[in-house]
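Hi everyone, thanks for coming. Let me put the structure up and walk you through a few spots in it.

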Amino acid sequence: MQCQDFHHFGQKLVRRRLLEPTEDSESPMAPLNPMKLVAFGVASTLGAGVYILVGEVAMFIAGPAIVISFLVAAVSSVLSGLCYAEFGTRVSWTGSAYLYSYISVGELWAFITAWNLILSYVVVTGSVARAWSIAFDSLIGNHIFQALEGTFSPYMPYYLAKYPDFVALSLVLLLTGVLVLGVRESVLVGKISTGINLLVLSFIILSGFIKGDLHNWKLTEQDYTLNTSESSDIYSLGPLGSGGFVPFNYDGILHGAALCFYSFVGFDDIVTKGEEAPNPHRSIPISIMSTVFICFLAYFGVSATLTLMVPYYQIQPDSPFPQAFLHVGWGPARYVVAVGILCFLLYRLQSSLFPVPQVIQEMAEDGLLFRGLARTHAHTKTPIMATVSSGILAGIMALLFEFSNLVDLMSIGHLLVYSLVAFFVLVLRYQPDCNLSKNEKIEDKIQMMPLVKENPLDSEPEAGSSKTLKSLWLPVSTTPTQKSAQIVYGCAFLLVLLLTILSLILVQWPSQVFSGDPVLTTVAVLLLLLTTGITVIIWRQPQDPSPLPFKVPALPLLPLVSIFVNVYLMMQTTSGTWALFGIWNAFGFLIYFGYGIRHSLAGNNHQQPPATSLHLPDS
């Protein structure tokens, strides 16, 4: 009886949503060619990271080597983008990572993916609001900072911001009110904002060619001493480190990459435009790769410009570019740049909160979150409760947490989602007939988890452990079977565990590992050998021969490299960030196992009626 209960519970965790088009997906949409998709992706990706984050990373973490940090973050984004592209092409219409996960790998995975997407989107909104407040305060002389810090700083715990940012809170609440009224994202405003952003970036980069000094990439202790004696109260010098191009060693580059990853979040929004693309299976992968490349060029250009114009230890992290122009004697230009930055961040703030209510509403309609969150206004069709709840949460984040803490938290959430997508791509390629591009019931497909009962035809007597070991290296079939799929699933789980342990060792004790410490080096080598052996076992298993419009190359290596890079960057974040991340996911599991698993529509034989509309007076 206990085994049956456990089996039934396991089936609940991997039950899948039916692949049925929604009413919205049947409405005609204007086609988006690859150029428009790239423009949409760039507009969704370029944000606060390029204007605020670059100053803090360059001053305290990576120095001029921030350009390499952006390169590492871009490589991670490219690997994740390739996996995201294949994952998205398995479904023939628009959706998010949540929908694709629910259809292909099961309910629990979908909940984890969506729950962390909500965290990332909410934190992005809070961080952009905080960035706008910082930029505005810097423009008017830091009067808000001085007043609030002097009043609240003695009462704020060490793990929160130095002062509550009421300007950022007000912005988020104002935006939430606008969304509740049913205001939609304006395409025209988006184009104007993106144009302003590109003009500002171009001006900054061109200024770097004119006013930049290569000596700022070769600074020494003598330069630092000279700047210390000449500095006034306006400048608060940061640490010198070891000087030169890499002042904080390679640990600083990798830690900076974990933060710089924040700047590339948004390219995955392209997948949600699949229905509007005439050939999504080709245009979406190309658009994702092009978006990441264009954004990397922009980030490389502005970070190189900043560190060439100003010595990295003299950068003002709260307002790096306006202060850089002041440093080189272009005082009037700082106001033009500051106003352009404020205009763009205001639009970015508006667009960052739009996806959150949609994800919450979709989860509530599926029964994984409380049904009341799916209620909509009868006239505007706005998800009222989802919008208000996400706005309040984003406002709290903007009010109480530092910008850098929000960046860390957002990065770890999105890195987890991208790692899950890479894991899903790896596992699904070795499943029997897992092409989900057809409209068919998922329950009729072979389940992929080991918890599912074996087919009676496959229950022939085993010849002992030697036969099992032989099947790891020499599969009996050239097409995936239930047994080979279970082998891949188990090996993939084991690989994730080994890569996580290896990443932890490399982050915590890098010098000891590479200097030949007898214990740590031996453990790292053993982990690499085990990882290589298990990867070969997966490689030997048969893949699903069903054609896909786009396939990740070099399977299983590329998804595993993506997972390793993402996990390694996650390990670079602080313990406080991991504590917040753990609390958020613990709360999510409490909701799922306490409510969602019992109310999920995927577990019912018939669909429940749609969520009731919330009739509010028209404004």
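Disulfides, then: searching the whole structure turns up zero of them, a disulfide being a pair of cysteine sulfur atoms within 2.5 Å. Buried here means under 20% relative accessible area, exposed is over 50%, and partly exposed is in between, with a 1.4 Å probe and protein chains only.

Quick housekeeping. This is a predicted model, where local features need pLDDT of at least 70 and side-chain atom pairs count only at pLDDT 80 or more, while totals for chains, interfaces and linings use all residues. Residues are numbered from 1 along each chain as its sequence is written, and side-chain values use heavy atoms, leaving out hydrogens and water.

Now, where does S600 sit? You'll find S600 in the loop between helix 23 (575-599) and strand 2 (613-614); helices (H or I, at least four residues) and strands (E, at least two) are DSSP runs, numbered from the N terminus. S600 is buried, since its relative accessible area is 1%.

And what does S600 touch? Leaving aside residues up to four places away in sequence, S600 touches R15, Y102, E107, D366, G367 and L368, where contact means heavy atoms within 4.5 Å. Its side chain makes polar contacts with the side chains of Y102, at 3.0 Å, and E107, at 2.4 Å. A polar contact is a pair of N or O atoms within 3.5 Å; within protein, one must be able to donate a hydrogen and the other to accept it, and residues adjacent in sequence count only if both atoms are side-chain atoms.
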